[in-house]
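Subject: Structure handover

Hello,

Here is the structure I promised to pass on. Please open it next to these notes.

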Amino acid sequence: MKLKKQVTVCGGAIFCVAVFSLYLMLDRVQHDPARRQNGGGNFPRSQISVLQNRIEQLEQLLEENHQIISHIKDSVLELTDTGAVSPSGQLPFRSANGSWVLPFDGRPTFLSVKPQDCQFAQGRRGQTDLQMLDVYSLLKFDNVDGGVWKQGFEITYEPGEWDREPLQVFVVPHSHNDPGWIKTFDKYYTDQTQHIFNNMLVKLTEDPRRKFIWSEISYFAKWWESADMHKQEAMRKLILGGQLEMVTGGWVMSDEANVHYFAMIDQLIEGHQWLEKNVGVTPRSGWAVDPFGHSATMPYLLKRANLTSMLIQRVHYSIKKHFASSRSLEFMWRQAWDQKSGTDIFCHMMPFYSYDVPHTCGPDPKICCQFDFKRLPGGRVNCPWKVPPRAVVEANVAERAHLLLDQYRKKSKLFRSKVVLVPLGDDFRYDKALEWDQQYLNYQRLFDYMNSHPEMHVQAQFGTLTEYFTAVYKANNVPQGARPPDYPVLSGDFFAYADREDHYWSGYYTSRPFYKSMDRVLESHLRGAEILFSLAVAHARHTGMEGRYPTSDYTLLTDARRTVALFQHHDAITGTAKENVVIDYGNRLLHSLQGLKRVIINAAHFLVMKNKDVEKDWERQPSGPRYLVLFNPVEQDRLCVVTVLVNSARVRVLTEDGQTLPVQLSAQWSSASQMSAEVFQASFMVRLPALGLAVFHLYDSADTPMTLRSETLLRLSGRGQTAHAVDPLPLRSQTADPQPFYTSTQSLTLGFSGTTGLLESIRRKDDPQELKVQIQFVTYGTRSSKDKSGAYLFLPDGKAKPYSQKEPPVVRVVEGPLFSEVVAFYQHFQQTIRIHNVPGVDGLSLDVTTMVDIREQSNKELAMRLVTDIQNDDTFYTDLNGFQMQPRRRFLKLPLQANFYPIASQAYIQDSQHRLTLHSAQALGATSLESGQLEVILDRRLMQDDNRGLGQGLKDNKKTANRFRLLLESRSTGNKVSHGPTSFPSLLSHLTSAILNHEVIALPVLPKKRGIPPLHTFAPFTGALPCDFHVINLRSIQHQVTRSDQDTHSPSPYTALILHRKGLDCGLETPNPGFNCTTTEGQLGLSSLFRNLDLQLLQPVSLSLMYSSPPMANDSSVSLEPMEISAFRLKLR
C-alpha cells in the first residue's frame, strides 16, 4: 500500500492570516475538466492559447473562492458529541468594553532577550570610504554632455605612461543568454543557445589561446543532458583546462530587486551543486551584466559561497561618472552592518552605458563598434554610428591596432591598475560558426601585432574573468580576493537604476504583481516541502524503513527547485518578458506547486502516523472524526487563528487529546452582500509546534457554547441594495453615515472612516492616544510626451491623484471573538483589514489584503498610501531581498520616480516615538514622498512599450491579491533612533514577517473505507530554537554520482542546514510574542535538537555547499554572529 494514497488535500483553504493559500485553490485546475471548455466555444488550438487558458483558469480560481466548495461537501462528518470542555474550562465572554476574552491554554510564556544580543544594532560601524547614501547627497545628477562618452567626460593620457609597466589587456568573449525574455526558455535554447555550445566545442578546441565565459547553468545543464559522453568529456576538458570559465554559476543571472534571499541562495546552490556533480568545478568570480540595479545582498551571498571577486554593470550613469572620475570603479564592497571587514568582496563596476561591444572597449562607441566583427558589412547587424568594422589584414593592422589601443588606454585611465578588462559579446552572440571566426581571427591578428611591437607597451590576449582579476591582484601584490592598497571600501546598494536622462527603472519593482506573489507562495511551499521531506527521510532511516518512503518525491523537489530558480531570472520575476513567455513561466510555477503539494502530503502523512508500519494498525471506523493536519512552516511555536471551510454550520473542533476549542463561525461570501448557503468559515485558535504538524478532529455536532457566530453589519449607500442573511448567522444592514466607526480586540482598536470604509487610526492597548494611520488609494498616469511608462520604466505624469468613484463603497463589518474584519468594496479593488483576538504575534498587527483588478484601466498605476503623524522627515527604510534594511532618503533634486525603491518584504517610517512597518508578502515598489507617508504601488497597466527591447506594454493584468501586515510599534523611552547607514527590524517585526510569508498549510485527511490509521502531532525539535534564528532551509543534498551512474533522482544521506541569525533593534517595546522566546548570543546546540534522530555528522560548509571545513564534534554548539548566514552538512538518522 503506497503511502501517498492516504492523504489528499480537499479544496478547502486555510489561512493563519486569513488569506487562501494559493495551491489549495488550484485543485480545481486538476479536478474540473468540464469547466475548462465552457464559456468560450471551442477549446483554442494553438499552444499559446492553451497556456493562456490555463493562466486564465488560474485567475478565475483566485477570483472565485466560493467555487471550491464542491470539494468540501464531506469536510465535516457527523459524529456523536463527546461533551469535552475547553482547555481552561472557561467559555469565551465579552468584557465591559465590548472586546472578547477567550479561554486560553494558559501556558505561561516568557521573553528573554540577552542584552548582548541587542548591542549589535547599536554598535559602531567601521567607516567606509564610499557610503552610497552620502554619494547620493553629494551628486548633482545633472547629466552634462561628456562628448564621445556622452554620460562621462573626456579622457586624456600621456603617451609615456606605460613605458615602465605595460598595459595588460584581457579581452573576455561572452554571450548573454536570457532564460526567457522575447522567447521562452525552450525556444531560445532550440533556436540559439544549443548552437552556441556546439560551436564553442569546435572553435575553442581549434586554438588554446581562445577563451570564453558562461554564466547561466540552466542552459548549460539542458545542453549537457542531451550531449553524448564524448561531447561532455570535451566540454569538461575545456572548463578544467581554463579555456571556458563558469562565472557566478547560478541557475540564472538573478534579478536583485524583487528576489527574496531564500531564492537567491537556492538558485546559487542549484547551479553550484550541478557544476560540482557533473563537471567538478567551483566558480571563483561573479558576473552580473544585466540585472537592473544591484543589491548589497548579492556580494554577501557570493562571499559566503567563497567567490573572491565580482562584476556589476547596470548602475545609474551619474554614479558611474562620479566613480570613474575618482578611479573608484573597483572597490571592496562591504556590508553596512559589518563592524570589521569580514564581508568584503572585490567588485569591478563597468564604466560605460552597456555590456555590448560598442560600450566595452573604451569611451567612444563609434570606434568600439568598428571592432565588433559580427557587424562586418554583409551581416544582419550594423553600426548605428555609420562607420562599419573592417576585416584586419596585413595592410591595415597597424592603423587598426593603434586605434583600438587608444581606446584601451583611455579605459584603463579610469582604473587604479594597469590591467584592463574588455568584455566582447552581447545577447545570444556566437550562435553561428562564422561569428566565432570573425571575432577570434581578427582579434588574434590585432593581439599578435600589439604583442610583437614592444614600443606599444601592451600585452593583449583573450582571457577569462578570473584571469583578469588574478592579474589585478598580482599587479597589486596581494593574494586572491584581498584588498589592494588604497582601493576604496564601499557600502550600500545601487538602486534605483537610470540608463539615460530621467529614465528610472523603478516600474519593474511592481510589474506583473500576480506572478511576483505566486513566486513567493511557491518559495514558501518549496521551503516547507524541503524541510518535511528531509525530516521524513531521516525518520524513515532511523526506523529502518528507508525502502518504504517514496524518495521518488526527490524528483518533484528537484523540479520545483529549478522552477523557482528559473523564475529568479532578471526578466522573469521582474515582469519584463513577453506575454507568451510569462504564460510559460506561470505554467511552470503552477506545475511545480502541484508537485510540492504531493511532497508535503507524503512527508506529512509519514510523520504523523503513530505506527509507521502502515498495513497493520487501523481504527476500523467507517465514520469518525475528520482529521485535519496543520503544518507550521515557521521555526518557532505558533499561536494563531486558523480558518477552514466547512459545509455545516454545526461544527466542533477538538485537539488531539479531545479538548474542545472555541470556534468562530462566519459566512463565506459570494459577493459583497451575499452569503453562501452551502459553506461556512470555521475559525479557531491553535498552538502549533515549530516546523511541526498538529492533528485536530472536526465533528458535525449539535450547538455548543464553544461555537460563536460572527456578527455582520453591512454599511450600504442606501440605493436599492439589500442583504440576505443565511441561517444561523446574524446580519444587519444600515445606511452608511460619515461618522467614524471602530472595531477592537484585546490588543488593538482600529478606527475607520464612515465615508470610505478605510482605516483612519490605530490605538494600541498600552497607548493612551490613537495614532492617525490613514489608508488612501491614489493613481499615477503616464506622460503625454514620447517617453512613457512601460514594463521597466516608471515615467509618471506628475504627482498621484486621489482614486475616486461615483458610487460610495459597500462596507462589510464582521465582528466575533477570534477575529474582526472590515471589507471595503470599490470598483477596482477591495480591501480587507482583519485583526486577530489572540495573544502574541498574530494579534499585534493588522492583516491587510487588497484585491486589485485594474483590467478596465488604461495607462494607470494604483498605489496604496499610508498617511500618518509620524515625523520621519525625508528618511524611510526599505528592505533588500528580505535580508537586510537599507535607509533611504527622499531627494527633491531627483524626479519623483527616482525616489521609488524595491521592497521584497517590508518598508518602515519612524520617529522618536513610533515605527510603522508595512510587511509585504510579495515584491513591490515603495516610497515615502512626504513626511509621515509610506506608499506602495499595487499594480500597473500600461498600453505601450518603453523602448528597452520588450516591444510590448503591460496589458495582461490579473486580479491579484496583495497581502500585507501593518505593524505599529512604540519606541521605549530613552532609546534614540540612530541615523546611521544601518537599521534593523525589531524581534516582533521579524516574527510578523515570518507568519506573513509562511502561512500554515492545511491538510484535511479524506476518510477511506478502511478507516484512518491513528495520527499524532509531530514536533521535530526537542527544545526551542533561539528566536533570533531563522532556518532558511533544511535541504536534502543530491548524490554525487559517478559519471557512469545517471541515477540522480534520489537524495544522499546528507542534509544542508542553512541558518540565518537576525539583527535586532531592541529599542522598540517588545510585547509577549505568545511563545517562549529566548536568545543565546548566537549559540545553538545541534546534537540533541532533532527529536528521535541521531546527529552523525556536523560539518560547516560554504553557502552553496561546495567548500567544506573539517567536521565538528557532534556535540559542539554552532555559533553565528548577528546577520550571519551559515550552512552545515548534517547526517541525521
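Below is what turned up, topic by topic.

**Ground rules**
This is a predicted model, in which local features need pLDDT of at least 70, side-chain atom pairs count only at pLDDT 80 or more, and totals for chains, interfaces and linings use all residues. Residues are numbered from 1 along each chain as its sequence is written, and side-chain values use heavy atoms, with hydrogens and water left out.

**Confidence**
pLDDT is the predictor's confidence in each residue, from 0 to 100. The chain has a mean of 90. In all, 89% of its residues reach 70 or more. Residues 62-87 stay under 50. The model still gives that stretch 76 contacts beyond four places in sequence (contact means heavy atoms within 4.5 Å). Residues 615-622 are also below 50, with 17 contacts beyond near neighbours in sequence.

**Leu924**
Leu924 sits in strand β40, residues 924-927. Helices (H or I, at least four residues) and strands (E, at least two) are DSSP runs, numbered from the N terminus. Is Leu924 buried or exposed? Leu924 is buried, at a relative accessible area of 0%. Buried means under 20% relative accessible area, exposed over 50%, and partly exposed in between (1.4 Å probe, protein chains only).

Leaving aside neighbours within four places in sequence, Leu924 touches several stretches of the chain. Its contacts include Tyr509, Thr510 and Pro513. Tyr508 is 416 residues away along the chain, yet its C-alpha atom is 8.4 Å from that of Leu924.

**Helices α6 and α8**
Helix α6 covers residues 185-206 and helix α8 covers 229-240. They pack at an angle of about 60°, with axes 10 Å apart. Axes are lines fitted to C-alpha atoms, for helices over the stretch in contact, and angles run from 0 to 180 degrees between N-to-C directions. The pair is therefore oblique. For reference, angles under 35 degrees count as roughly parallel, over 145 as roughly antiparallel, 65 to 115 as roughly perpendicular, and the rest as oblique.

On the α6 side, Phe197, Asn198, Met200, Leu201, Leu204 and Thr205 make the contact. They meet Lys231, Ala234, Met235 and Leu238 of α8.

**Helix α19**
How many residues of helix α19 (987-997) are buried? The count is 11 of 11, so the helix is largely enclosed by the rest of the structure. Among the buried residues are Leu987, His990 and Asn997.

**Backbone points to check**
Two cis peptide bonds come first.
- Phe495 to Ala496 is cis, with omega near -5°. Ala496 is in the loop between β14 (489-491) and α16 (513-542).
- Asp727 and Pro728 are joined by a cis bond, with omega about 10°. Pro728 is in the loop between β23 (711-716) and β24 (731-735).

Then two asparagines.
- Asn143 is not a glycine, but its phi is positive, about 55°. Asn143 lies in the loop between α5 (132-138) and β5 (167-176). At 35% relative accessibility, Asn143 is partly exposed.
- Asn881 also has a positive phi, about 60°. Asn881 lies in the loop between β35 (875-880) and β36 (884-889). Asn881 is buried, with a relative accessible area of 1%.

Best wishes
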